[in-house]
Amino acid sequence: MVIDLSELLSLRDKVKSVEIPLEMDEFSTKLGSYKIIDKRPMTVKFTGLGKKKVNMEAELFVVLLMPCDRCLEDVKQEIHISTSKEINLGDTDGAQKDVLDEMTYLDGMSFDAEKFAYGEILMNLPMKILCSENCRGICNRCGMNLNHGDCGCDTTEIDPRMAKAMEVFKSFKEV
C-alpha cells in the first residue's frame, strides 16, 4: 500500500493515522524464505513538522516460521517493531540516505508500507535462532536430530594433524 504524504508537508502538527494490512505471506531474503504464520495490521502515524518534514511512528507485529540453526526444526519467531523516524521530504539530492539506502520506502512524496515493513523485519531478524537453549543439533554423520535421542554413531573426532599416525596404528591392528 502506498500512502501520499504531500498533504502533511506544509502543515505543522497535522496528523494522519493509518492502519495497513500486510499483504506478504512469506518473508524472503538471500538466506531463505520464511512463512509468516501470524501478522497484525501495521499502524503508522504521520505528524507534519513543517518545512517538508514529517515524523513517522510505526508499530508492526509478525510471527515467522524459521528453522533452528542447530537442529533445523521449525521455530515460531515473534518480531515486534515499534519505531519512530523523522523524514525530510524536501531532501531531493539524496543527502538523507545513508550507505545502506534505508529510505527505499520513499518515492518522492509517497510512502510504500510494504517496503518499509520488509526493511524493518529484515533489520530485526535475530542473528541466531534456537528451538531451545540446550538444543543438541543434528548428528554430523547420519543427520538424526539429537534432541529426539542418541543415534549411536561414533562421534570421536580425530585431530587432522594426527590422522597419518592413526593410519599407521590401524595398519598394525589389521596384521
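A search of the whole structure finds four salt bridges, a salt bridge being a side-chain nitrogen of Lys or Arg within 4 Å of a carboxyl oxygen of Asp or Glu. The structure is a predicted model, in which local features need pLDDT of at least 70 and side-chain atom pairs count only at pLDDT 80 or more, while totals for chains, interfaces and linings use all residues. Residues are numbered from 1 along each chain as its sequence is written, and side-chain values use heavy atoms, with hydrogens and water left out. Helices (H or I, at least four residues) and strands (E, at least two) are DSSP runs numbered from the N terminus.

- Side chains of opposite charge can pair when their charged atoms come close.
- D25 forms a salt bridge with K39, and their closest N and O atoms lie 3.0 Å apart. This pair links distant parts of the chain, since D25 belongs to the loop between β2 (15-20) and β3 (26-29) and K39 to strand β4 (residues 32-39), 14 residues apart.
- D25 is exposed, with a relative accessible area of 54%, whereas K39 is partly exposed at 28%. In these terms, buried means under 20% relative accessible area, exposed over 50%, and partly exposed in between (1.4 Å probe, protein chains only).
- K85 and E120 also meet in a salt bridge, at 3.1 Å from N to O. Distant parts of the chain are linked here as well: K85 is in strand β7 (residues 74-88) and E120 in helix α1 (residues 113-123), 35 residues apart.
- E120 is buried, its relative accessible area being 11%.
- A further salt bridge joins the side chains of E167 and K164, at 3.9 Å from N to O. Both residues lie in helix α2 (residues 163-174), and because they are three residues apart, about one helical turn separates them.
- E167 counts as partly exposed at 47% relative accessibility, and K164 counts as exposed at 62%.

**Strand pairing**

- Three strands form an open sheet in the order β1-β9-β8, with antiparallel pairing. β1 (2-4) and β8 (106-107) stand at the edges with a single partner strand each, so one side of each is left without a neighbour in the sheet.
- Two strands are taken to pair if DSSP finds at least two bridges between them. β8 and strand β9 (residues 110-112) pair in the antiparallel sense over two bridges, and D107 has S110 of β9 as its bridge partner.
- β3 and β4 are antiparallel partners over four bridges, and a hairpin of two residues joins them.
- β4 also pairs with strand β6 (residues 53-67), in the antiparallel sense and over four bridges.
- K35 takes part in both pairings of β4: K35 is the bridge partner of E26, and L65 in β6 is the bridge partner of K35.

**Nonpolar core**

- The largest nonpolar core has 39 residues, and those with the most contacts inside it are F46, L64, F111 and I121. Such a core is a set of buried Ala, Val, Leu, Ile, Met, Phe, Trp, Tyr and Cys residues joined through side-chain atoms within 4.5 Å.
- The elements that give two or more residues to this core are β2, β4, β5 (42-50), β6, β7 and α1. β6 supplies the largest share, seven residues.
- Leaving aside neighbours within four places in sequence, F111 is in contact (heavy atoms within 4.5 Å) with residues including M1, V2, I3, F46, M56 and F116.
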